[in-house]
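Colleague: I would like a close look at a single part of this model, the surroundings of the ligand. Please take it step by step.

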Amino acid sequence: MTVAVEFKKVSRHFGAVKAVDEVDLKIDEGSFFAMLGPSGSGKTTSLRLISGFDQPSAGSIHIFGEACETAPPNRRPVNTVFQDYALFPHLSIRDNVAYGLMVRGVRKNLRHQEADEMLSLVKLDNFGDRKPAQLSGGQRQRVALARALVNKPRVLLLDEPLGALDLKLREQMQEELKALQQRLGITFVFVTHDQTEALSMADKIAVFNAGGIVQIGTPEEVYHRPRTKFVADFVGSSNLVPPQISLDLGGQSCWSSLKPEALTLTKQEGAKVVGTVKSIRYLGATNRVMIQVGETELSALLSNTADHWTRGDFVGLQVKPGALYAMEENT
Ligand code: ATP
């Protein structure tokens, strides 16, 4: 498998702020790679280092095997789609898409032809003559995508590209982006702080925290087998189960992660672990039930067609086999 992008001990410090700190990273060619993490964890800085808009303070970056940390953005086989789209308001949609080709001196007929092909690719066939202000948010987002793709990058960088869209449109665009990536076979590097978005779209996810990557894996790996408490909490809001409770629930005697949907409630008689129902929140298809077990509060996601519990009930706790995952970091 060809490696599209590789970081070797890459750091980017701004004075005392370690925006990116000694990061090692490999992104396979043709993959959909998500950088996931909270605000300020170093995702955007990492993306800017790949694009060449910023340079590392230490370490080296390789794109398709070539060291490139000093190459300017236009000398890299990479293009970026920004969250705010950055379209030129006075140019037509067609000229916006053709802009990169114009800069490179491609003659008008040819660049308009290629721009129209890209507009067709993002399902905006008849929008070429309009201005950006005459488009909806979702349509502008597609124009930004077409404008990046017209340069035929081998790696497309997307910085929170769906952040400005409402939930429904966002979900629709998630599917479209994923389908487009599969059709084109280009490497996509996608920055998001939305774990659902990363889980549903990516082949691999790098979870960032405080300038470092705490885990890289498939969506299934980071969701079901988080390495640290941070990942367990950030990706899918896992319960953090202390050693004694973990052991009684059939797991190992160490801190373990447990997904709320893997926890079920029973009558308290005969149960090894019992607790008190603290609250029940109605979420539509499911209820989120909080249970107090000694000092620990656990969250269960129950189908609301299941047994009905009320606040103050004493309940027994059960987990699905294999659902308790022992974490590497154990404090
Ligand atoms: P968000 O999701 O909010 O965009 P992020 O994970 O993309 O966050 P970065 O933008 O990479 O985070 O920022 C990482 C850290 O580096 C932050 O603490 C930020 O304040 C700092 N930082 C980024 N750029 C600069 C800069 N030019 N000068 C000083 N500090 C910076």
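Which element gives the largest share of the shell around the ligand?

Modeller: This is a predicted model. The largest share of the shell around the ligand comes from α1, with three residues. The residues around the ligand include Lys-43, Thr-44 and Thr-45. Also in that list are Gly-37, Ser-39, Gly-40, Ser-41 and Gly-42. Phe-14, Val-17, Ala-19 and His-193 complete the set. Two elements give two or more residues to this shell: β2, residues 17–28, and α1, residues 43–51. By class, eight residues of the shell are polar, three are nonpolar and one is charged.

Now the wider setting. An unreviewed UniProt entry lists residues 5–235 as "domain: ABC transporter". That span is 36% helix and 27% strand. Its end C-alpha atoms lie 24 Å apart.

Then there is a sheet to consider. Five strands form an open sheet in the order β13-β17-β14-β15-β16, with antiparallel pairing. β13 (263–266) and β16 (296–303) stand at the edges. Each has a single partner strand, so one side of each is left without a neighbour in the sheet. From one strand to the next, the twist averages 45°. For β13, look at β17, residues 314–319: four bridges join these two strands, which run antiparallel. Thr-264 has Gln-318 in β17 as its bridge partner. As a general point, strands of a sheet pair through backbone hydrogen bonds, either parallel or antiparallel.

Terms used
Residues numbered from 1 in each chain as written. Predicted model: local features only at pLDDT ≥ 70, side-chain atom pairs only at ≥ 80, totals over all residues. Near = placed C-beta within 6 Å. Nonpolar A, V, L, I, M, F, W, Y, C, P; charged D, E, K, R; others polar. UniProt positions renumbered as here; feature names shortened; annotations may be inferred. Pairing = 2+ DSSP bridges. Axes fitted to C-alpha atoms, helices over the stretch in contact; angles between N-to-C directions.
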